[in-house]
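Hi,

Here is the structure I promised to pass on. Have a look at it first, and then read my notes below.

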Amino acid sequence: MKDRLQELQSEALGKVQQAEDLKALQDVRIAYLGKKGPITEVLRGMGKLSKEERPVIGQLANEVRETISEAIQTKQNKLEEEALEKQLEEESIDVTLPGRPVQIGGPHLLTSIIEEIEDLFIGMGFEIKEGPEVETDYYNFEALNLPKGHPARDMQDSFYITEELLLRTHTSPVQARTMKQKDGHEPVRMICPGKVYRRDTDDATHSHQFTQVEGLVVDENIKMSDLKGVLNAFAKQMFGSERDIRLRPSFFPFTEPSVEMDISCKVCGGDGCSVCKGTGWIEILGAGMVHPNVLEMAGYDPNVYSGFAFGMGPERIAMLKYGVDDIRHFYTNDIRFLKQYHKA
Ligand code: 2U9
């Protein structure tokens, strides 16, 4: 039995030596030290030995088990160390290499312009309001003095979803909703920025989706001079204190009287040049006194309340301010265009 144990020991040590990886080593452990292995078997058969032999063989069996176990452990440490070294070698990082620069983003030019407009009006006591882009026929048209049959409601000009629902064609329904919420009593001083949609063929000056910022003030005793004062302050802060404004008569269904506002041309200072098409003036927004029908439909008594409203296109403002020549630049996301307007 002694010989058998010594034979097993040298056999096992030989296999440990040959094991090339952790899996092979584990197989050796199971084969020699496992419950069904030959050493366990020897220990089980000890009952058949004489009293004198039993402790000697028992001790030897334990020593053999210990020797094999130690050899496996030593080999395991060696294999693990080698594996780690190999991994470190493969994954080595050259910390002296220059890093890849991270591309820093920034706000879109339109976002910056809208935020600038918002800041100017917040400074004059206006609040910012938003509303749904999918609107009802009532708030998009009816409540704004555009009754059924009005040419501006043409199916060809708007994206209808059902007979009653469409993508809003202007942000004016946000103002109509706000007035309705106030129940015909409280004053209103708000602007509403947002996306609007019209069935247009895209070209350098038209886009089927664009943005608007509209404003509304309703209170007792609101006059045309209030409109002019607010818009003059806006134009001077937005474009420069040296710019003048002028109002020209115009027409919108929701305002009466209606006007269009021009600012003096920056290039020629008002003398006339190719930028202002020889007029000395550049149109920047539309405005007017809120039509009595609109006030009435929103629940305000037009004999007590009056108001002014205005609307502008941030794309147009940005194009004028930065000399952008094509509205499609705002939507085609060419990074070379966009990054010119990232503030440092
Ligand atoms: C309510 C009452 C009146 C909003 C107004 C304009 C004039 C206007 C256009 C300018 C260029 C839109 O971006 S644009 O295409 N807008 O000229 N908008 S008055 O009048 C309102 C709105 C809501 C309840």
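Let's start at the ligand: one of its oxygen atoms is 3.4 Å from a polar backbone atom of Gly313. Keep in mind that this is a predicted model.

Side chains reach the ligand too. Gln212 has a side-chain N or O atom 3.3 Å from an oxygen atom of the ligand, while a polar side-chain atom of Glu214 sits 3.3 Å from a ligand nitrogen. How many residues surround the ligand? There are 17, and the closest are Gln212, Phe252, Gly286, Ala309 and Gly311.

Now for the helices. Two packed helices are described by the angle between their axes and the distance between the axes.

Take H1 (residues 2-18) and H2 (residues 22-33): their axes come within 9 Å and cross at roughly 165°. Anything over 145 degrees counts as roughly antiparallel, so that is what H1 and H2 are to each other. Their crossing is right-handed. On the H1 side, the contact is made by Leu8, Glu11, Ala12, Lys15 and Val16, and on the H2 side by Leu25, Val28 and Tyr32. Sorted by class, that gives six nonpolar, no polar and two charged residues.

The other pair is H5 (residues 109-122) with H8 (residues 224-239), whose axes come within 10 Å and cross at roughly 135°. That angle makes H5 oblique to H8. This crossing is right-handed. Here Ile113, Glu116, Ile117, Leu120 and Phe121 of H5 meet Val230, Phe234, Gln237 and Met238 of H8. The residues of this contact divide into seven nonpolar, one polar and one charged.

Cheers

Notes
Residues are numbered from 1 along each chain as its sequence is written. This is a predicted model: local features need pLDDT of at least 70, side-chain atom pairs count only at pLDDT 80 or more; totals for chains, interfaces and linings use all residues. Side-chain values use heavy atoms; hydrogens and water are left out. Axes are lines fitted to C-alpha atoms, for helices over the stretch in contact, and angles run from 0 to 180 degrees between N-to-C directions. Helices (H or I, at least four residues) and strands (E, at least two) are DSSP runs, numbered from the N terminus. Angles under 35 degrees count as roughly parallel, over 145 as roughly antiparallel, 65 to 115 as roughly perpendicular and the rest as oblique. A crossing is left-handed if the near helix is turned anticlockwise from the far one by less than a right angle, and right-handed if clockwise. Contact means heavy atoms within 4.5 Å. Ala, Val, Leu, Ile, Met, Phe, Trp, Tyr, Cys and Pro count as nonpolar, Asp, Glu, Lys and Arg as charged, and the others, Gly among them, as polar. A residue is near a molecule or strand if one of its heavy atoms lies within 4 Å of it. A polar contact is a pair of N or O atoms within 3.5 Å; within protein, one must be able to donate a hydrogen and the other to accept it, and residues adjacent in sequence count only if both atoms are side-chain atoms.
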